Amino acid sequence: MIQITVPTPDVTIHKQEAPELSHIYGFTDFILIPRDKAGIFMFYNDKDELLFVGKARKLRPRIKKHFEDTASVIKDKRNEVAKIEVCLVEDAVHREIYETYIINEYKAKYNVDKVLFK
């Protein structure tokens with residue numbers, strides 16, 4: 001049997017109630033997410049339910065794209081996101097394994113690809 005331990009998040013940012021300087025759905029701390037690092041990211045709602053899991057070679061631009069892109073899986077659910085957790089994972093194979101494992105183990109609500117549960 002394979003044992004997979006989800007990495008502890010390196011960065012966690014929370015939605016602000018009434019941010020003065022945010023145009024990204026209440027998130028003001030994107031600067032804390034590394035621009036040129038690879039890893040996985042998880043979006044949670046205010047009840048701490050996992051909404052979406054993704055991976056990226058460049059984390060900050062990829063996460064921001066989910067809040068700006070018209071083709072994002074969460075485009076109609078962006079207001080639900082209350083917390084973003086980021087784990088730095090440089091190895092591409094490890095990112096793939098973690099993403100698939102987390103989606104299925106924690107039943108990410110809005111992931112449609114790599115879903116093995118139904």
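Student: How many salt bridges does a search of the whole structure find?
Tutor: Seven. Keep in mind that this is a predicted model.

Student: Which residue does Asp 48 form a salt bridge with?
Tutor: Lys 83. Their closest N and O atoms are 2.8 Å apart.

Student: Is Lys 83 buried or exposed?
Tutor: Buried, at 12% relative accessibility. Asp 48 is partly exposed, at 46%.

Student: What about Glu 99, which residue is its salt bridge with?
Tutor: Lys 55, with the closest N and O atoms 3.1 Å apart. This pair also links distant parts of the chain: Glu 99 sits in helix 2 (residues 92-105) and Lys 55 in strand 3, 44 residues apart.

Student: Is Glu 99 buried or exposed?
Tutor: Buried, with a relative accessible area of 7%. Lys 55 counts as partly exposed, at 28% relative accessibility.

Student: Which residues are linked in a network of salt bridges?
Tutor: Lys 55, Glu 96, Glu 99 and Lys 114.

Student: And Lys 109, what does it pair with?
Tutor: Lys 109 forms a salt bridge with Glu 80, and the closest N and O atoms are 3.9 Å apart. Lys 109 lies in the segment after helix 2 and Glu 80 in the loop between helix 1 (59-68) and strand 4, so parts 29 residues apart in sequence are tied together.

Student: New topic: helix 2. What caps its N-terminal end?
Tutor: Asp 91 does. One of its side-chain oxygens lies 2.9 Å from the backbone nitrogen of Val 93.

Student: How far apart are the end C-alpha atoms of helix 2?
Tutor: They are 20 Å apart. At 1.5 Å a residue, its 14 residues should span 20 Å, so the two agree.

Student: Which residues of helix 2 are buried?
Tutor: Arg 95, Tyr 98, Glu 99, Ile 102, Ile 103 and Asn 104. These buried residues pack against strand 2 and strand 3.

Student: What follows helix 2?
Tutor: Lys 107, whose phi is positive, near 50°.

Student: Let's switch to His 66. Where is it?
Tutor: In helix 1. His 66 counts as buried, at 3% relative accessibility.

Student: Which side chain does the His 66 side chain make a polar contact with?
Tutor: That of Ser 72, at 2.8 Å. Leaving aside neighbours within four places in sequence, His 66 is in contact with Phe 41, Phe 43, Phe 52, Ser 72, Ile 74 and Arg 78.

Student: Now the largest nonpolar core. Which members touch the most others?
Tutor: Phe 30, Phe 43, Ile 63, Phe 67 and Ile 84, out of 19 residues. Strand 1 (11-14), strand 2, strand 3, helix 1 and strand 4 each supply at least two residues of this core.

Student: What is Phe 43 in contact with, beyond its neighbours within four places in sequence?
Tutor: The list includes Ile 63, His 66, Phe 67 and Ile 84. Lys 83 is on it too, and that is the residue that forms a salt bridge with Asp 48.

Student: Which residues are in the other core?
Tutor: It has twelve residues, among them Tyr 44, Leu 50, Val 53 and Cys 87, and lies apart from the largest core.

Conventions: Residues are numbered from 1 along each chain as its sequence is written. This is a predicted model: local features need pLDDT of at least 70, side-chain atom pairs count only at pLDDT 80 or more; totals for chains, interfaces and linings use all residues. Side-chain values use heavy atoms; hydrogens and water are left out. A salt bridge is a side-chain nitrogen of Lys or Arg within 4 Å of a carboxyl oxygen of Asp or Glu. Buried means under 20% relative accessible area, exposed over 50%, partly exposed in between (1.4 Å probe, protein chains only). Helices (H or I, at least four residues) and strands (E, at least two) are DSSP runs, numbered from the N terminus. A polar contact is a pair of N or O atoms within 3.5 Å; within protein, one must be able to donate a hydrogen and the other to accept it, and residues adjacent in sequence count only if both atoms are side-chain atoms. Contact means heavy atoms within 4.5 Å. The expected span of a helix is 1.5 Å times one less than its number of residues. A nonpolar core is a set of buried Ala, Val, Leu, Ile, Met, Phe, Trp, Tyr and Cys residues joined through side-chain atoms within 4.5 Å.
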